[in-house]
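My entries follow in the order in which I checked them.

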Amino acid sequence: MKPLAALLLALAQFADVAPTGDFLYVTNNGYNQGRKYFPQPLCGGIAVLDFDNDGLFDLYFTNGAPFPAGKKTGPEYHNALLRNAGGGRFEDYTGRAGLAGETLGYSLGAAAADYDNDGFTDLFVANAAANTLYRNRGDGTFQDVTAASGLGATPPGTLSVQGAWLDYDHDGRLDLVLSNYTLWTPATDQRCVREDGVDYYCHPKTYPAVPHRLYRNMGDGTFKDVTLGAGFASALGKGMGIGIADVNGDGWEDIFIANDTERNFLYLNQKNGTFREQGLLLGVAYNDDAATLSAMGAGVADYDNDGWPDIFFNDLAGQVWGLFRNLGGRAFRYTSNAAGLAPLSAPFSGWGAAFIDYNNDGWKDIYSANGDVDYLRPNAAQHDTIFENAGGKRFIDVSARMGAHFQRAGYQRGAAIADLNNDGALDIVVTSLGRRPAILMNTASAGNHWLTLRLTGRKANRDSIGARVTITLASGRKLHDWVNPSVGFLSSSDPRLHFGLGEETRAAKIEVQWPGGGTLVRQNVAADQFLTIAEP
């Protein structure tokens, strides 16, 4: 490497190591410069998982298929599993693991978690046809258990976008919530053509809204569709990103689903196996103009460090990305304008979205994977953005100093967050239509300290999804987070909780509230370490 190039790499906040990886995966949505099919903009999901339990998190990518057949006709459409070999190196492990998905057709979102509590992380894949569940055998291979599980039996023609794992009934078994978009098949696809004969992707209103679905884990390898009984059937949407956290502080996980051109949903857990959709009542269904938006990726986190999970979603260019501040569990206030997001976000069409404390200062920043739906509008190809959190009040665009990837225009889609090299700085993985993914290693340091926690349940819910952590620093400042890897659009992230501590060198107290009850306290914990905390 030339000295100047090495210097630029060292100064970059994020450096893409994907070009040196031993893999061929390219996000391929099957578009062939002619006929356009409705799902084609929805491609390139990501799941972060440590499938072989070696302590390094690996990457799984979903891929598309050509239409009208909707089948993966060759390796250029295969899904991919990249094993993290350490040192920023990733190797293709797809064939050995049995995860190419040759028979799946057009794949969208991916969600990773240990649904059977055997200590090995499994995979759910949403598809334009039947969805798929892969069980991790624990020997480096996966088994398609969809038929026996019951998760492939969504209503015929349902276009599922994303799944997310949670233990909504606190029985120790991870259940699945499914974000659905519409009823669609290649045979029912509506063709939309401009006056000059050029195809464009039809407006979402062309297709009907549908209910999202909830599946209860029965503990025997099967799932029961409880959509009707749990209160999901009556709300019809066009679901995209899913965010999960206990938004009202009652100890039970709630579910936010961003809907495209429909009002957003916030399902409040009623603690009896049912939910009540309260997005309108709590103030997250619309923006301040009472308008629906093209909501895409979703994130739920505490951006202002007041102890309550807030809600974010991005949307298309010309709209304003939605930021909703949690008012003590009683309601949400639309704060996009007050936080400065209106001028920052209006030029961009966002898909993948995530809260990320990229500089470990203890304030959660916003990352967005950008690019228009199609190439037909001016400035359709776009670069990604990071908006830095300035003390929980406003956000500042710092994208220009984040590295070469943030200067490259494209059509980015799925995105996930993980500490891939276990150095205490969060990395970003993002897909882009027609390109290899970017694996962005966070290379620069602001000199700030950090803590990363891996929570492990007892025999049940080994991932501790739903657990809440509060860290009290020596200064008295408190940081909060909730375990749920569902992030943004089509993707799931590192299940560990990462806390930037700024200049603080230790945590005075760490308090863990386990899902289903019970707390654990650790005191006087040194910074800059990975800490595993097991449920007592």
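**Cysteines, then a sheet**

I looked for disulfides, taken as pairs of cysteine sulfur atoms within 2.5 Å, and the structure holds one. I note that this is a predicted model, in which local features need pLDDT of at least 70 and side-chain atom pairs count only at pLDDT 80 or more, while totals for chains, interfaces and linings use all residues. Residues are numbered from 1 along each chain as its sequence is written, and side-chain values use heavy atoms, with hydrogens and water left out.

The disulfide joins cysteine 192 to cysteine 202, with 1.9 Å from S to S. I read a torsion of about 115° about the S-S bond of this pair, so the disulfide is right-handed. Cysteine 192 lies in strand β12 (residues 192-193) and cysteine 202 in the loop between β13 (199-200) and β14 (210-211), so the bond ties together parts ten residues apart in sequence; strands here are DSSP runs of E, at least two residues long, numbered from the N terminus.

Cysteine 192 is buried at 14%, and cysteine 202 is buried at 7%. Cysteine 43 is in no disulfide, and the nearest cysteine sulfur, that of cysteine 202, is 18 Å away. Cysteine 43 is also buried, at 0%.

Last, I traced an open sheet of four strands, in the order β18-β19-β20-β21 with antiparallel pairing, where two strands pair if DSSP finds at least two bridges between them. β18 (239-245) and β21 (275-277) each have a single partner strand, so one side of each is left without a neighbour in the sheet.

Methods
Buried means under 20% relative accessible area, exposed over 50%, partly exposed in between (1.4 Å probe, protein chains only).
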